[in-house]
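Please look over the sequence and the model shown here; a short report on a few of the features follows.

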Amino acid sequence: MYATSVPAGAAAAIASYGHHADVGGVLRRCRELVRPALVEAVGRLHPWTGEMAAYALGWRDAAGTPDPAASEGKGVRQALAVLGAEAVGADGGVAVAGAVAVELVHTFSLMHDDIMDGDALRRQRPALWKAYGTGPAVLAGDALHALAVQCLAEAPGPWSGDAVRRLCGTLNALVCGQAEDLRFERRPWRGPGAVGVEQYRAMAEQKTGALLGCAVALGAVLGGAPAGTVAALDRAGRHLGVAFQAVDDLLGIWGEPVVTGKPVHGDLRLRKKTYPVLAAVAGDGPAARELAVLLESPGPLDDAAVAHAAVLVEEAGGRAATREEARRHLDAARHGLRGFALVPGAAGDLDALFASVLNRDW
């Protein structure tokens, strides 16, 4: 049953728990709860698309054999769904269908994003389209898309219809966010038509924030929470998504390849319009002007030019501005957990998971 009152000391517990919680343990517990249902769902696919899904999820290699060295990801979205249910007083098991759905959506979106962005690596292995081909990767992504909706529609209990409607709205938001991201590539760095940081923020909320908000909201929906609580958790998750994207942008330039699975300065080499670069170019100092000229230059950027661009981004304030962007939205996300009747333990786990985003290296 949904908790109707906050026990004494709950607000303080929520505020401080993030400093003590074992985030890795929380993620592991949620993955272990969800994994059997995720394996069962993937097992319903055509053998070929199922093989590709197993590769993308880090379960198997391109030969279809178990790959214990591969990364399965942290499972943040599935954890958000489970914790969303627990935070409103329900058993985490009621959110498993929602957790499976968001994990499948996340996986298929990465499959398609890698194709559109031309990214050859994903989690230190060849991206699915490099391992199997572009056409098969598109097909596998489509299969996971359909499977996600089906799994949620078949969820037991009276709330599956509401959950499916929320997921479908999120899918539309993801497409809108990706459309804007692709359109940004064709827009100039300066002058009329240039991409501003506020436009980038709106794109990030749709492309990244919508699914994180959906994940935690689905847990609350399947847990029978009132609409106001569901909406508040969704907003918190969206702020978390913007913070998550900001940190991802930092890792895309300065992250360690052995950790991120991507080449150093990879986003700069591709001239991606990410938050640090847009914030830097928006400045009026000499570093900002030099950076804009470099990014507008014809031809590919060699290693020296890319390394120099990274220095210019930092000198122009792009790195600091992005860190502040992440911190501001993380604070808004954590604040969104307060003021509602949430179960302290689960709310503390959510808060700890939120707080871990700012200092993540994955």
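In which helix is Asp234 found? Asp234 lies in helix 10, where helices are DSSP runs of H or I with at least four residues, numbered from the N terminus. The model is predicted, so local features need pLDDT of at least 70 and side-chain atom pairs count only at pLDDT 80 or more, while totals for chains, interfaces and linings use all residues. Residues are numbered from 1 along each chain as its sequence is written, and side-chain values use heavy atoms, with hydrogens and water left out.

Asp234 counts as buried because its relative accessibility is 11%, buried meaning under 20% relative accessible area with a 1.4 Å probe and protein chains only. Leaving aside neighbours within four places in sequence, Asp234 is in contact (heavy atoms within 4.5 Å) with Arg166, Gly213, Cys214, Val216 and Ala217.

Arg166 also belongs to the lining of the second largest pocket, together with residues including Trp159, Asp162 and Val230. A pocket is an open set of points on a 1 Å grid over the protein atoms alone, where a 1.4 Å probe fits, with protein on both sides within 12 Å along at least five of seven lines; lining residues have an atom within 4 Å of a point. Helix 10 gives the largest share of this lining, three residues.

The table sets out the helices that each supply at least two residues of that lining.

| Helix | Residues | Supplied to the lining |
|---|---|---|
| Helix 8 | 160-184 | at least two residues |
| Helix 10 | 227-254 | at least two residues |

Definitions and conventions: Buried < 20%, exposed > 50% of the residue type's maximum accessible area, 1.4 Å probe, protein only.
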